[in-house]
Amino acid sequence: MSYLIGILATVVALIISVALHELGHMIPAKKFGVYVPQYMVGFGPTLFSKQVGETEYGVKAILLGGYVRLAGMFAPARPGTKLTNRKGQPTLAQEAREASAQELEGGHEAQAFYRLSVPKKLTVMLGGPVTNLLLSLLIFAVIVLGFGFNTPTTTLESVPKCIGSTEETCSTENPASPAYEAGLRAGDRVVAWNGEQTESWQDVVSAIETSEGASQVLVDREGTTHEFELTPITVGERKIAGIVSRVERERGSLADWGSISWQAFAGTAGVVMALPSAVWDVTVQLFTEEPRDPNSVLSVVGVGRIAGEVSAETDVSLLDRVLMLLSLWGSLNMALFVFNLIPLPPLDGGHVAGAIWEGLRRSFNRLVGRPDPGAADTARLVPLSYTVFALLMVMTVILIAADIVKPISLI
């Protein structure tokens, strides 16, 4: 049951993220006077819709995305532009221009998106990704500043008699704990180690690892200071005193929030930059005996599986599971932000690139005294849009197949 709840939570989180993303486009578009005929959550057959003013709001059957229709995305062709192919049929670009013009029929001609100024176009197209970024930052702020992290403290949760064992009789594999033999007990707070104040658990760990011979340990026990002498032992490559820290939840700082947010952005950007190579690796792993790389890229199915496993993890507290799901949601929105900024149509970054190109051309013509060239003819990028869309579909199918046949598991 918990597994299904995790998957359901992921689906709901994705729907909310996509819905807010599309609102990020729609709200400024309406503010600037663009005709917005449709705002839909999901794809496929419409389950529910309602007309409010000029816009039809609705929910569709496949809740794995959404869209907002901005009428008049493509400007009319400039004089001299080739409108037909060798067979005399309209080019893909011209078909897109004609479809764009049809959306404006009925008195909406002045509400075309292409008529917006470059800054307004950028505001509309960046509105969706920036909304995801803000949502991601908000989620990380709730986690870091609101709930914080499980942080080891200098208070001892336990001092086992034997290292790595709960048995009363120690052995070569589980030697006697120097701390237990010295007299340290659960609840003691380590104040100093060899005369050095220990303000954090890391201070304690560092003091143990750098100690030579016997150590003088000062602890606070129920308000009274006690001093003990113990000699850490070497187990493997580490020096160990035989003490276990008590973990407590501590809120992070603004610096922690900034660091985690930046790591999420940088990590996501790195994955996106290496996406073609990463998808190819998954393809090879899918069709060969090569095992799936646990750090490989995931589809929505894989993310849902991870969320389900997080929810079903009984060894972790409910709060920690909720925060892990929140962290997953924050990372998902960061991914939506970064991915949509790829400067290729039909992604938002492609439209942003088109608006920037238009702004550069207009600025250059103004500087050299030439006439305003008008809106960029972004309809010419429609063939590229179809190609990118097809590649994205292939990538999605491959990743979903890999997440089903060779899934990545936390267990």
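Reader: Is Ala 335 buried, partly exposed or exposed, and what is its relative accessibility?

Author: This is a predicted model, and in it Ala 335 counts as partly exposed because its relative accessibility is 28%, which falls between the cut-offs of 20% and 50%.

Reader: Where does Ala 335 lie?

Author: Ala 335 belongs to helix α9, which covers residues 318-340. Its C-alpha atom is separated by 8.7 Å from that of Ala 264, a residue 71 places apart from Ala 335 along the chain.

Reader: And what about Val 272, is that one buried or exposed?

Author: Val 272 counts as buried because its relative accessibility is 17%, and the cut-off for buried is under 20%. The residue lies in helix α6, which takes in residues 254-273.

Reader: Which residues does Val 272 touch?

Author: If residues up to four places away in sequence are not counted, Val 272 touches Val 338, Phe 339 and Ile 342. As for Val 297, which is 25 residues apart from Val 272 along the chain, the C-alpha atoms of the two are separated by 9.5 Å.

Reader: Okay, new topic: how do α1 and α3 pack?

Author: Two packed helices are described by the angle between their axes and the distance between the axes. Helix α1, residues 2-31, packs with α3 at an angle of about 145°, and their axes are 7 Å apart. The crossing of these two helices is right-handed.

Reader: Which residues make that contact between α1 and α3?

Author: From α1 the contact includes Ser 17, Leu 20, His 21 and Gly 24, while the residues from α3 include Thr 123, Val 124, Met 125 and Gly 127. Sorted by class, the contact of α1 with α3 has nine polar residues, seven nonpolar ones and no charged ones.

Reader: Which helix gives the largest share of its lining?

Author: Helix α10 gives the largest share of the lining of the largest cavity, with four residues, and both α3 and α10 supply at least two residues each. Among the lining residues are Met 73, Phe 113, Lys 121, His 351 and Glu 358. By class, the lining has six nonpolar, three polar and two charged residues.

Reader: And the second largest pocket, what is its volume and what lines it?

Author: The second largest pocket has a volume of about 410 Å³. Its lining is made by 15 residues, and Leu 275, Pro 276, Leu 391, Leu 392 and Met 395 lie nearest its centre.

Reader: Last topic, the backbone: which peptide bond is cis?

Author: Most residues other than glycine have a negative phi, and most peptide bonds are trans. The bond from Pro 345 to Pro 346 is cis, with omega near 10°, and Pro 346 lies in the loop between α9 and α10.

Reader: What is the phi of Asn 194, and what is that of Glu 222?

Author: Asn 194 has a positive phi near 55°, and Glu 222, also not a glycine, has a positive phi of about 55°. Asn 194 is found in the loop between β4 and β5, whereas Glu 222 is in the loop between β6 and β7. Asn 194 counts as partly exposed at 38% relative accessibility, and Glu 222 is exposed with a relative accessible area of 81%.

Terms used:
Residues are numbered from 1 along each chain as its sequence is written. This is a predicted model: local features need pLDDT of at least 70, side-chain atom pairs count only at pLDDT 80 or more; totals for chains, interfaces and linings use all residues. Side-chain values use heavy atoms; hydrogens and water are left out. On a 1 Å grid over the protein atoms alone, a cavity is a set of points where a 1.4 Å probe fits but cannot get out, and a pocket is an open set with protein on both sides within 12 Å along at least five of seven lines; lining residues have an atom within 4 Å of a point. Ala, Val, Leu, Ile, Met, Phe, Trp, Tyr, Cys and Pro count as nonpolar, Asp, Glu, Lys and Arg as charged, and the others, Gly among them, as polar. Buried means under 20% relative accessible area, exposed over 50%, partly exposed in between (1.4 Å probe, protein chains only). Axes are lines fitted to C-alpha atoms, for helices over the stretch in contact, and angles run from 0 to 180 degrees between N-to-C directions. A crossing is left-handed if the near helix is turned anticlockwise from the far one by less than a right angle, and right-handed if clockwise. Contact means heavy atoms within 4.5 Å. Grid points are joined across faces, edges and corners, and a volume is the space filled by probe spheres set on the points.
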